[in-house]
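Open the model in your viewer and keep the selection tool ready. This tour goes stop by stop.

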Amino acid sequence: MRRAASGFLGPAAGDEPQYQTVTVGRGGLTQAVTATGTLNPVVNVTVGSQVSGRIIKLNADFNSPVTKGEIIAEIDPANYQATLESVTADLSNARANMELQQAQFARSSELYTNKLISGSDFDTAVASLHSAEATVKIKQASLNNAMVNLNYCKILSPVDGTVISRNVDIGQTVAAS
């Protein structure tokens with residue numbers, strides 16, 4: 001039978017060390033890990049909004065798992081919807097003006113070819129047509145911007161992960177950041 005020393009128990013009353021011995025055998029091995037401290041995420045993503053407005057819906061809270069592209073909050077879209085409608089009307093008006101300028105250009109072109117109007121009147125018709133075309137492009141760009149801003153009323157998760165902090169509540173106004 002084998003014996004092995006497994007530990008030192010310290011000095012006894014007689015100042016001589018005492019040893020405890022046990023029989024060597026097979027048994028289960030248990031490993032435990034203990035730690036203290038603060039747990040930090042590997043990647044911490046701050047989510048902001050592209051537009052300002054009042055939060056009307058929150059779809060994620062502390063410890064909520066989220067996936068990339070998931071709607072996590074919504075801003076009241078009323079102002080952005082009204083802007084979209086206004087810009088759409090402006091674009092329609094600009095297109096109607098461009099059609100009028102195209103008709104006047106066609107008329108002026110024919111009259112100028114037959115030498116019935118001056119070169120200056122023809123130049124005015126050309127410039128008016130180009131101005132109307134530019135106005136349509138400007139109004140189209142405004143419409144595109146209004147649609148983008150309306151889409152930004154839905155705040156999406158940029159990554160898969162877990163929400164670790166929420167700084168807004170329903171009804172709170174947020175500033176674009």
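**Stops in the loops**

Start with Val43. At 64% relative accessibility, Val43 counts as exposed, because exposed means over 50%. This is a predicted model. Val43 sits in the loop between strand S2 (17-23) and strand S3 (53-58).

Keep Val159 in view and select Ser157. The side chain of Ser157 reaches the backbone oxygen of Val159 at 2.6 Å. Ser157 belongs to the loop between strand S6 (154-156) and strand S7 (161-162). Is Ser157 buried or exposed? Ser157 counts as buried, because its relative accessibility is 6% and the cut-off for buried is under 20%.

Show what surrounds Ser157. Leaving out residues up to four places away in sequence, Ser157 touches Val66, Thr67, Lys68, Gly69, Glu70 and Ile72.

Next, two stops about backbone angles. Most residues other than glycine have a negative phi.

Select Asn63. Asn63 is not a glycine, yet its phi is positive, at about 65°. Find Asn63 in the loop between S3 and strand S4 (65-66). Asn63 is exposed, with a relative accessible area of 63%.

Finish at Lys115. Where is Lys115? Look in the loop between helix H1 (78-113) and helix H2 (119-151). Lys115 has a positive phi of about 55°, and it is not a glycine. With 73% relative accessibility, Lys115 counts as exposed.

Conventions
Residues numbered from 1 in each chain as written. Predicted model: local features only at pLDDT ≥ 70, side-chain atom pairs only at ≥ 80, totals over all residues. Heavy atoms only, no water. Helix = DSSP H or I, 4+ residues; strand = E, 2+ residues; numbered from the N terminus. Buried < 20%, exposed > 50% of the residue type's maximum accessible area, 1.4 Å probe, protein only. Polar contact = N/O pair within 3.5 Å; in protein donor to acceptor, adjacent residues only side chain to side chain. Contact = heavy atoms within 4.5 Å.
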